[in-house]
Amino acid sequence: MEKSVAIILAAGQGKRMQSSEKKQYMTLRGKQILTYSLEVFEKSFVDQIVIVVNKGEEEYVMQNIVLPGGFTKVSAIVPGGKERYHSVAAGLEVAHMLPEGEELAFCFIHDSARPFVTEEILERALDDVRKYNACVVGMPVKDTIKIMDVDGFVESTPNRDYTWAVQTPQVFDFDLALQCYRQLLKEEKNLLDHEIKITDDAMVIENFSHTQVYLTEGSYDNIKITTPEDLYLAERILDRREEMKQN
């Protein structure tokens with residue numbers, strides 16, 4: 001049987017939320033935002049969950065979210081690092097050290113600030129990672145995208161037919177992701193010296209392997225809660241979901 005682990009990233013500071021409370025712990029309809037994605041992964045085919053949090057928040061998450069929520073698949077809660085990629089690397093290393101770490105086939109790396117991931121999205125990503133070893137969830141952009149030059153002028157306009165907004169989860173063969181992240185940390189200084197910013201997991205695979213990353217259909221509802229306006233949109237998504245259940 002293929003075994004999968006979900007690395008749930010909850011180590012963000014949420015500075016753009018304009019709140020003293022970190023966004024992953026804010027409540028949405030009476031539930032903390034982190035809880036939403038944990039519920040989906042708990043019910044899914046994923047075998048284990050590793051949560052990456054800010055250093056010092058491990059006990060808080062265990063006592064206030066994991067135990068009350070009955071999340072039995074959570075195998076570890078670990079501190080993250082300075083950058084997102086440090087947190088992912090920490091999660092992968094801990095997953096590798098779990099009792100069944102050597103048997104892991106795939107890893108699902110997901111931002112806790114995306115509470116509306118669904119089991120259907122996870123199933124599609126599983127199908128694609130089996131075929132391609134690397135896939136990221138996303139959706140075609142609705143707007144025309146402009147590439148800006150250093151002076152603030154339009155440099156180019158990519159064809160919208162081939163432009164996607166990338167979401168999470170981003171899903172990979174586990175050993176592939178582990179080796180690529182290890183290589184990234186070895187070459188981190190060189191990347192920083194050349195002002196190369198690693199902003200998602202796909203970039204790690206793109207830069208440190210020859211594996212092509214496939215784009216898997218996500219959902220326009222799979223938003224990332226980043227600013228106060230996103231909380232309003234999240235409420236509307238929940239309203240629509242309730243209406244659909246009633247109908």
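Helix axes are lines fitted to C-alpha atoms over the stretch in contact, and their angles run from 0 to 180 degrees between N-to-C directions. Helices (H or I, at least four residues) and strands (E, at least two) are DSSP runs, numbered from the N terminus.

This is a predicted model, in which local features need pLDDT of at least 70 and side-chain atom pairs count only at pLDDT 80 or more, while totals for chains, interfaces and linings use all residues. Residues are numbered from 1 along each chain as its sequence is written, and side-chain values use heavy atoms, with hydrogens and water left out.

**Helix packing**

Two packed helices are described by the angle between their axes and the distance between the axes. Two pairs are listed here.

| Helix pair | Axes come within | Crossing angle |
|---|---|---|
| α3 (residues 84–97) and α5 (residues 174–186) | 10 Å | roughly 130° |
| α5 and α7 (residues 201–208) | 9 Å | roughly 80° |

Angles under 35 degrees count as roughly parallel, over 145 as roughly antiparallel, 65 to 115 as roughly perpendicular and the rest as oblique. With an angle of roughly 130°, α3 is therefore oblique to α5. The α3 and α5 crossing is left-handed (the near helix is turned anticlockwise from the far one by less than a right angle). Contact means heavy atoms within 4.5 Å. On the α3 side, the contact residues include R84, Y85, H86 and V88, and on the α5 side they include F174, A177, L178 and Y181. The residues of this contact divide into 11 nonpolar, 2 polar and 3 charged. Here Ala, Val, Leu, Ile, Met, Phe, Trp, Tyr, Cys and Pro count as nonpolar, Asp, Glu, Lys and Arg as charged, and the others, Gly among them, as polar.

At roughly 80°, α5 is roughly perpendicular to α7. Helix α5 makes this contact through L176, A177, C180, Y181, Q183 and L184, and α7 through D201, V204, I205 and F208. These residues comprise 8 nonpolar, 1 polar and 1 charged.

**Cysteines and strand β6**

A disulfide is a pair of cysteine sulfur atoms within 2.5 Å, and by this rule the count is 0. C107 is in no disulfide, the nearest cysteine sulfur being that of C135, 10.0 Å away. For C180, the closest cysteine sulfur is in C107, at 10 Å, which is too far for a bond.

Buried means under 20% relative accessible area, exposed over 50%, and partly exposed in between (1.4 Å probe, protein chains only). C107 is buried at 0% relative accessibility, and C180 is buried at 3%. F108 belongs to strand β6 (residues 104–111) and is buried, with a relative accessible area of 0%. The C-alpha atoms of F108 and V129 are separated by 9.9 Å, and the two residues are 21 residues apart along the chain.
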